[in-house]
Number of protein chains: 2
Amino acid sequence: MRDRTCALVVIGNEILSGKVQDSNAYFAARELRKLGVALQRVVVIPDEVPTIAEEVARCSANFDIVITSGGVGPTHDDLTMEGVAAAFKRKIVIHPELERLIRAHYIGKINAAGLKMAEVPEGAILNEAGDIRFPTVQIENVYVLPGIPQLFEAKLNALKPRFAADPYFMRAIYTSATEGVIAEHLNACLVQFPELMLGSYPRIGNPEYRVKLTLESKNAEYLDRAFRHLLSLLPKDTVVKIE
Amino acid sequence: MRDRTCALVVIGNEILSGKVQDSNAYFAARELRKLGVALQRVVVIPDEVPTIAEEVARCSANFDIVITSGGVGPTHDDLTMEGVAAAFKRKIVIHPELERLIRAHYIGKINAAGLKMAEVPEGAILNEAGDIRFPTVQIENVYVLPGIPQLFEAKLNALKPRFAADPYFMRAIYTSATEGVIAEHLNACLVQFPELMLGSYPRIGNPEYRVKLTLESKNAEYLDRAFRHLLSLLPKDTVVKIE
């Protein structure tokens, strides 16, 4: 089976200071899951080169795919390229193809700030970005995406074919019992099916159920057996719904 | 001036797999900012003891305050207490006061799973949690909060008086110019006012302005001077609104 792990590094003081609610992490989490990719870390850090460098280096070493969000643009607080370059101990250089695209876009109105957007870590490659004019910069296993949600989403969508892994299968059980009551059954199920990804999510104030249980695996047959086993363990009258 | 830094560690597979959108980070970011506390890191990690231990240990060493969200409860995937204990190389023990509160709440219906919720790292202390029945567990500078938003928010609100630092002051400038045009003025302003926290946030498709600039400082007089200086640098006809 093809497994792939991923980390998302969100860069931006505006998120840490509560001025803006990040939506890229939730979008990425859902889309990566659909692709069969295991998102294992999301981290939000400030616009600071050493912090970006440290986090990107660490994630690059520990995960198959690293996606960054934000900190690309022409102003003083756009430090992601510099941070990623530092993570890989590379110089910043002007990418000729990016420069050409930027000059074509701004038609003569280009200044130093505009050209900053053609700067990339040495050896970076460019990926087609679907409908978006500017390609996505890639250095090793790190993909540098913009923070603006419309652009982040379009660029991530364009990268999907490259990221896809084997899919997850999921079943769900909704129960009227509390977590305290069902905990022992969940433990018993995991003894039989240690590879099962089993989540238990209480919901306060929902009239239909108290806990939603999610069962997941990349092996459909294993999931089906685990699902039937857990159902057989739970008190019948507490199972409200299955999916 | 009293500065305080903070890291938020969000624990939960359900967030990484896109089943649930975290809202606690955005709530914490806004509330901490109002308190004058600098949130400098948000990290979302899976329900795994070694990962929780590593991240909590690292954040505890690097920030004044660490808040965890999620992974507390009676089931197999509630591993935050175990992770925090491992971060500080402490044993897990039953806290007598928590046990008393849990037994009183469940009135005789208590089982092993319920009692798991009285387990804390050795030496943990309990903090009053406002309207919430169960107090907030604290180990060193780490505060362990539940992931359910209603409970997370109530518990964080109860901790506010303890966290408060000197406030931030903020001004904003909305401009019809693009980032490429104003970047040089932002850089010039920062040369004069290197301590200024200056953010530049483009907005796609907004008819009123193209970029929102935020200026912040804990020193109101410094902020006022920086604000007037930046206004004097920007082309007059591009300033749409100030706050």
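Predicted model: local features only at pLDDT ≥ 70, side-chain atom pairs only at ≥ 80, totals over all residues.
**View 1. Chain A is divided into two domains.** Let's start with the layout of one chain. Domain 1 of chain A covers residues 4-163, and domain 2 covers residues 169-242. Taken over C-alpha atoms, the centres of these two domains of chain A are 38 Å apart.

**View 2. Chain B meets chain A.** On this interface, 44 residues of chain B are in contact with 43 residues of chain A. Several elements of chain B each supply at least two residues to the side that touches chain A, among them helix 2 (24-34), strand 2 (37-45) and helix 8 (179-192). Sorted by class, that side of chain B has 20 nonpolar, 16 polar and 8 charged residues.

**View 3. Strand 2 of chain A pairs with strand 2 of chain B.** The two strands run antiparallel and are joined by 3 bridges. Look for Val43(A): its bridge partner is Val43(B) in strand 2 of chain B.

**View 4. Helix 3 and helix 4 of chain A cross each other.** Two packed helices are described by the angle between their axes and the distance between the axes. For helix 3 (residues 49-62) and helix 4 (residues 80-87) of chain A, the axes come within 7 Å and cross at roughly 55°. Because of that angle, helix 3 of chain A counts as oblique to helix 4 of chain A. The crossing is right-handed. Helix 3 of chain A makes the contact through residues including Ile52(A) and Val56(A), while helix 4 of chain A contributes Gly83(A) and Val84(A), among others. By class, this contact has 8 nonpolar, 3 polar and 1 charged residues.

Key:
Residues numbered from 1 in each chain as written. Chains lettered and ligands numbered in written order. Domains from an automatic or database assignment. Contact = placed C-beta atoms within 7 Å. Helix = DSSP H or I, 4+ residues; strand = E, 2+ residues; numbered from the N terminus. Nonpolar A, V, L, I, M, F, W, Y, C, P; charged D, E, K, R; others polar. Pairing = 2+ DSSP bridges. Axes fitted to C-alpha atoms, helices over the stretch in contact; angles between N-to-C directions. Parallel < 35°, antiparallel > 145°, perpendicular 65-115°, else oblique. Left-handed = near helix turned anticlockwise from the far one by under 90°.
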